[in-house]
Amino acid sequence: MTGHTRTVTVPAQEGRAFGAAAGDLVEIVDVEGHQVGDLWVIDAADHGRWLSTSHTRDRLERMFPRPGEQFTDQFREPIAEFVADTSPGSHDMLFPPCNRWLYESEGLMDHPNCHDNFITSAASAGVVLPVVPDPVNIFQNSAPEPDGTLDVLTAASEAGDSVTLRILRDAVVVLTACSVDYWPTNNMKCTPLLARVGPA
Ligand SMILES: [Zn+2]
C-alpha cells in the first residue's frame, strides 16, 4: 500500500472503529501470531446495511470466500472483496462474537469480549445498530469437521500474517482483537492486531 495509508492498532482484548473509502484496502495484520480478529463492515451512508456472513455464505455457496470473491450485505450486494491472504487460510464465518454470557458460563465475570467491544467501538464512530451482526472471524481456526463438529483450535496464523480486503463502498470498519484467553483460540494469550487502511 502507498499514499495515505493509515495504521490503526487494536490493543489486546479491545476494539477500534475506522472509516474506509470505497476502493480502499484494509490489511489486517496478526502482530504476534495466533490472534483472532473479529471484523465488521457497515455502510457509512446507510447503517442498516452491513457485511452479512449468512448472505455471503449463501451467495458464494461456501463457508468462507476465497481471494477474489466478495462479501455481501443483507441485500446480497457486495460490500467488500477478499483480496489477499498470507496466513495458512483458516478463517470463520459461523461463530458470533465472544460475549459476556459465554465468559459467565466459564465463571469469568466482567471479562472483556468482542460483543461489547463492537458496541463501544461502533458507537465511537457514530454507529448504533439494533443488533450485533455476526462478525468475520479472521484467523479463527474452527473449520467444521466431516461430522459437523465445530472445535475451535489455536489460530494457525504466525506473526506478520495478514488478510487484505478491498472495501467496495464508503464504510465504517470495526475490528476487535478477540478476548478469549481461557481456551486455545488465541494460544492462551491475547495480543494486539494492526490494520493498515488506505488507497490501493
Ligand atoms: Zn472474541
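These legends go with several close-up views of a predicted model.

**View 1. Three cysteines hold a zinc ion.**
Start with the metal site. The protein donors of the zinc ion are the SG atoms of Cys98, Cys114 and Cys178, lying 2.3 Å from it. Written as a sequence pattern, the spacing of these donor residues is C-x15-C-x63-C. Cys98 and Cys114 are 16 residues apart, and the pair links distant parts of the chain. Cys98 sits in the loop between strand 6 (78–85) and helix 2 (100–105), while Cys114 belongs to helix 3 (residues 114–124). Are these two buried or exposed? Cys98 counts as buried, because its relative accessibility is 7%. Cys114 also counts as buried, at 0% relative accessibility.

**View 2. Cys190 and its closest cysteine sulfur.**
Here's another cysteine to look at. Which cysteine has the sulfur closest to that of Cys190? That would be Cys178, with its sulfur 6.5 Å away. A disulfide needs the two sulfur atoms within 2.5 Å, so this pair is too far apart for a bond. By this rule, the disulfide count comes to zero. Cys190 still counts as buried, because its relative accessibility is 17% and the cut-off for buried is under 20%.

**View 3. Phe71 and Phe82 form a tilted pair.**
On to the rings. A pair of aromatic rings is described by the distance of the centres and the angle of the planes. A search of the whole structure finds five aromatic pairs, and one of them joins Phe71 and Phe82. Their ring centres are 6.3 Å apart, with 55 degrees between the planes, and the pair is tilted. Phe71 lies in strand 5 (residues 70–72) and Phe82 in strand 6, so the pair ties together parts that are 11 residues apart in sequence. Phe71 is buried, with a relative accessible area of 0%. Phe82 counts as buried too, at 2% relative accessibility. Which residues do ring pairs link into a cluster? They are Phe64, Phe71 and Phe82.

Now find Leu108, in the loop between helix 2 and helix 3. Leu108 and Tyr182 are 74 residues apart along the chain, yet their C-alpha atoms are separated by 9.1 Å. Leu108 counts as partly exposed, at 27% relative accessibility.

Which residues of helix 1 are buried? Look for Thr53, Thr56 and Leu60. An α-helix has 3.6 residues a turn, so residues three or four places apart point the same way. The buried residues of helix 1 pack against strand 5 and strand 7.

Just after helix 1 comes Glu61, with a positive phi of about 50 degrees. Glu61 is found in the loop between helix 1 (53–60) and strand 5. Glu61 counts as exposed, at 72% relative accessibility.

**View 4. Phe139 has a positive phi without being a glycine.**
Here's one more backbone angle to check. Phi of Phe139 is about 70 degrees. You'll find Phe139 in the loop between strand 7 (136–138) and strand 8 (162–167). Is Phe139 buried or exposed? Phe139 is buried, with a relative accessible area of 1%.

Note on methods. Residues are numbered from 1 along each chain as its sequence is written. This is a predicted model: local features need pLDDT of at least 70, side-chain atom pairs count only at pLDDT 80 or more; totals for chains, interfaces and linings use all residues. Side-chain values use heavy atoms; hydrogens and water are left out. Donors are N, O and S atoms within 2.8 Å of the metal (3.2 Å for Na, K and Ca); water is not among the atoms, so sites may look incomplete. Helices (H or I, at least four residues) and strands (E, at least two) are DSSP runs, numbered from the N terminus. Buried means under 20% relative accessible area, exposed over 50%, partly exposed in between (1.4 Å probe, protein chains only). Rings of Phe, Tyr and Trp (its six-membered ring) pair if their centres lie within 6.5 Å; planes under 30 degrees apart count as stacked, over 60 as edge-to-face and the rest as tilted. Contact means heavy atoms within 4.5 Å.
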